[in-house]
Amino acid sequence: MAVTELVCPSCGESNSPMTEFCNSCNTYLAWDPANGPDERTVLLPVGGVPAVRPGTSPPAVDPGSGRRAGERLRIAVEPTTISVIPGLEPAMVSVHVINLSSVVDRFTVELLSAPPFVTAVPAEVRLLPNADQSVDLRIGLVPAPMAPAGRYPIDLRVRSSAHQGVAVSQRVDLTVGVVDGPVTLTVTPSIVRVRDTSGGQTELLAENTGGNRPLSLRLEGSDPERLVRFIFEPARLDIPPGGQATARVRLQAPEPPPGQELTRSFTVTAIEGTREFTTTGTFTQASTAQQVDLRLEPSVTKIRDVGAATIRLVAAVAGGPRPVRLTLQGSDDERAVRFTFTPPVLVVPPGGAGVCTVRLEAPEPEPGQEISRRFTIGAHDGRGEIAATGTLTQSTSAQNLALWLEPNILRVRDAGAGYLNVVLDNRSGRRPQTVTLSGSDPERAVRFGFGPPVVQIGPGEILTAQLRVDAALPPDGQEVERPLTVVGTSHDGRRVEGTGSFVQTSSASILELRLDPSVVRIQDASDAVVTLIADNRESIVPARIQLEGSDPERAVRFDFQPSWLDIPPGGWASSRLHLRASRPERGKELTRQITVTAVDERREVSTTGSLIQTSSDRRPMIGRLLTLLGCLLMIAGVFLPWTTAPRRITGINFSLPEFAEDTNISLKPLHTSAEQLRHVPAALISAGLIVLLFATLTLFGLTGTKGRLIRTMAMLGFLFVVGFSLAFVVRADTFGPGIGLIMVATGAVCAFAGGVVGRR
């Protein structure tokens with residue numbers, strides 16, 4: 001085929017027919033049709049992608065696909081995912097380059113796009129047309145700054161040196177491994193100094209220069225004494241890879257005593273997961289010396305005939321930057337003085353003074369005496385105690401408060417209470433008295449009632465209070481004397497006493513009890529009701545009694561209605577008594593002795609009675625009834641049919657020949673025949689006659705007490721009926737028992753049961 005011009009398959013430039021290389025792109029054009037590639041030539045691809053035949057128009061270059069670059073270049077990258085750890089060896093990527101062009105070309109493998117911390121040395125490869133070769137590209141990380149951990153996409157590019165527009169790119173995923181380096185903590189200043197305050201401040205710097213991933217640190221603080229309080233602002237630090245962050249640290253601790261200095265070491269800890277990083281510092285607190293002086297005005301206080309005094313406490317503060325808060329308290333050796341501070345807490349400014357009013361209260365000494373009490377007032381400022389001492393001197397005028405009882409001996413008869421007067425004499429006193437009255441007796445048997453119990457008596461006065469005394473009456477006809485002591489206690493603790501006697505006499509009284517009836521008989525019962533009469537007609541004093549009951553066997557239950565009786569003198573009262581006891585055995589009689597007691601606060605009165613219980617025995621009667629019923633059944637059964645087959649015949653008519661005939665039993669052993677016995681009346685030798693004999697003897701057995709004859713005859717009658725029936729069952733062709741035979745058997749059983757039940 002004639003060719004007038006030669007078109008370059010790569011760039012489309014027209015060349016002369018004899019041109020070996022394209023004038024525009026230097027592509028080899030002088031192919032031998034027998035040896036060079038033609039339209040049927042197939043180039044094996046790398047990675048399974050078909051090659052492009054030369055001589056066709058090239059497609060557009062696709063740099064992002066990594067698979068196709070027109071007709072001139074194809075690449076394959078392995079692996080497409082790599083991992084690099086900072087500080088270690090770089091990763092190797094193998095790039096397989098295929099020259100699909102028609103010229104000898106040099107290809108450069110380089111990074112097209114990558115993060116700034118990724119580095120790679122470009123590699124080159126020279127290839128003949130349709131040749132391929134692999135080249136390794138070393139991809140690493142810059143030494144500083146450290147690359148952040150994470151996954152980053154990078155693009156590799158292979159470009160042609162002969163054709164400036166020919167290039168292929170491939171996406172590769174780069175994973176930067178995690179490097180956990182130590183976190184550096186620094187507190188600035190490391191020594192925190194404060195004066196006259198409880199708080200200080202420093203700054204914490206946390207540096208993540210050794211790691212390539214972000215950190216979130218939780219901040220904590222501690223000290224050996226556990227006295228420092230830490231406040232972090234913020235409480236958590238977020239640090240980028242290779243970065244740093246700061247937090248303000250506020251320290252608070254109790255101030256030292258005035259004039260002293262305390263140094264406390266502390267530790268700040270940053271926690272991230274299981275890792276902890278620490279740094280230390282020092283917190284120094286100093287306190288300016290303050291001088292606090294206390295004085296009492298006056299220091300010696302004298303009072304007379306009173307129990308309280310008021311003084312002033314002056315507190316002066318010298319030096320110091322702040323006011324002093326003083327908590328006041330007082331004490332004395334005898335613990336007899338009571339202190340009241342107004343105000344209870346004194347706040348004194350620096351260089352100033354404060355005044356507090358102190359009220360002192362103490363019991364007055366005995367009349368005509370003097371006592372001195374040394375006391376101490378202390379002031380606490382939270383760090384120490386300052387004290388001031390003083391003296392309280394008390395004296396009282398001589399005076400006498402007298403107390404006596406009128407009458408001195410109180411006598412009552414048949415009464416539990418009496419009245420007398422308590423006389424208080426303050427004629428020799430110089431001041432009013434508040435007297436509280438109380439009473440006592442050695443036996444603690446008397447109850448005292450004062451009206452009024454507290455008496456206000458002025459100087460030079462005499463007053464009377466009424467006293468009621470109550471005590472239990474003595475036993476009848478007796479007298480008891482109870483000594484009394486009345487005590488008057490004044491408001492200042494002084495005591496005055498008066499004594500007397502309470503004499504009680506009880507008249508002789510007679511209280512009688514009786515049961516109506518005193519002997520109670522009951523039969524076949526468990527309950528009985530009697531009347532208890534309490535007679536107080538011979539007594540001149542009322543009686544209030546409680547009723548109780550008992551028996552030696554403790555088998556009787558007593559129920560009184562009512563259980564308490566109020567009986568006037570010369571009167572009487574009654575109570576309904578319900579007795580309950582279990583029944584005796586059948587046919588027996590039981591006598592129970594009972595005792596009823598009346599109890600009041602002075603005496604006990606008793607009376608006795610008897611409860612006789614009888615229990616009937618109904619078994620003999622039941623036995624007789626059963627025996628009579630059985631005999632009647634046996635007698636009635638004699639006159640009723642005994643058999644219904646082979647024939648119907650009554651028991652009274654059932655003679656020996658009929659029995660022999662029906663049962664096929666021969667009478668030869670009896671040396672007689674049926675014909676010889678037929679002229680004998682049937683009733684004389686009938687089966688019914690035998691049963692009547694047994695019934696008659698059974699009835700005769702009722703005359704005895706043991707029931708032996710009844711049981712014997714009833715058993716014989718029953719056995720006779722059973723033998724009679726067995727003879728028919730065994731010998732007769734057919735047998736049908738009649739109602740009479742059943743009644744005789746039933747009557748025999750009933751009579752036998754009566755003999756068993758009725759025996760005594």
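Colleague: Where does proline 517 lie in this model?

Modeller: Proline 517 is in the loop between β39 (512–516) and β40 (519–523). Helices (H or I, at least four residues) and strands (E, at least two) are DSSP runs, numbered from the N terminus. The model is predicted, and local features need pLDDT of at least 70, side-chain atom pairs count only at pLDDT 80 or more, and totals for chains, interfaces and linings use all residues. Residues are numbered from 1 along each chain as its sequence is written, and side-chain values use heavy atoms, with hydrogens and water left out.

Colleague: What kind of peptide bond joins aspartate 516 and proline 517?

Modeller: That bond is cis, with omega at about -5°. The bond from glycine 451 to proline 452 is also cis, with omega near -5°. Proline 452 sits in the loop between β34 (447–451) and β35 (454–457).

Colleague: How many helices and strands are there in the protein?

Modeller: The protein has six helices and 50 strands.

Colleague: Why is serine 287 called buried?

Modeller: Buried means under 20% relative accessible area, exposed over 50%, and partly exposed in between (1.4 Å probe, protein chains only). Serine 287 has 3% relative accessibility, so it counts as buried. This residue is in the loop between β20 (275–286) and β21 (291–297). Its C-alpha is 5.6 Å from that of arginine 195, although the two are 92 residues apart in sequence. Of the 760 residues of the protein, 42% count as buried.

Colleague: Which class does asparagine 130 fall into, and why?

Modeller: Asparagine 130 has a relative accessible area of 27%, so it is partly exposed. It lies in the loop between β8 (123–127) and β9 (132–141), and has a positive phi of about 60° although it is not a glycine. Aspartate 196, also not a glycine, has a positive phi of about 60°. Aspartate 196 is in the loop between β13 (191–195) and β14 (199–207). With a relative accessible area of 17%, aspartate 196 is buried.

Colleague: Which residues of α1 are buried?

Modeller: Pro620, Gly623, Thr627, Gly630, Cys631, Met634, Gly637 and Val638 are buried in α1. They cover an arc of only 130° around the axis, which puts them on the same side of α1. The arc is that of the directions from the helix axis to the C-beta atoms. On the other side of α1, Met621, Leu625 and Leu632 are exposed. The cover over the buried residues of α1 includes β48 (641–645), β49 (649–650), α4 (687–700), α5 (708–731) and α6 (739–757).

Colleague: Which strand does β28 join through 11 bridges?

Modeller: Two strands pair if DSSP finds at least two bridges between them. β28 and strand β29 (residues 385–395) are joined by 11 bridges and run antiparallel. Six bridges join β28 (residues 370–380) to strand β24 (residues 324–332), also antiparallel. Threonine 376 of β28 stands opposite serine 331 and opposite threonine 389 in β29.

Colleague: Which faces does strand β16 have?

Modeller: β16 (residues 229–233) has Phe230 and Phe232 on a covered face, and Arg229, Ile231 and Glu233 on an uncovered one. In a regular strand the side chains alternate between the two faces of the sheet. β16 pairs with strand β18 (residues 244–252) in the antiparallel sense over five bridges. Glutamate 233 has arginine 248 in β18 as its bridge partner.

Colleague: What joins the side chains of serine 395 and arginine 304?

Modeller: A polar contact of 3.2 Å joins them. A polar contact is a pair of N or O atoms within 3.5 Å; within protein, one must be able to donate a hydrogen and the other to accept it, and residues adjacent in sequence count only if both atoms are side-chain atoms. Serine 395 lies in strand β29 and is buried, with a relative accessible area of 10%. Contact means heavy atoms within 4.5 Å. Leaving aside neighbours within four places in sequence, serine 395 is in contact with Ile303, Arg304, Asp305, Pro365, Gln369 and Glu370.
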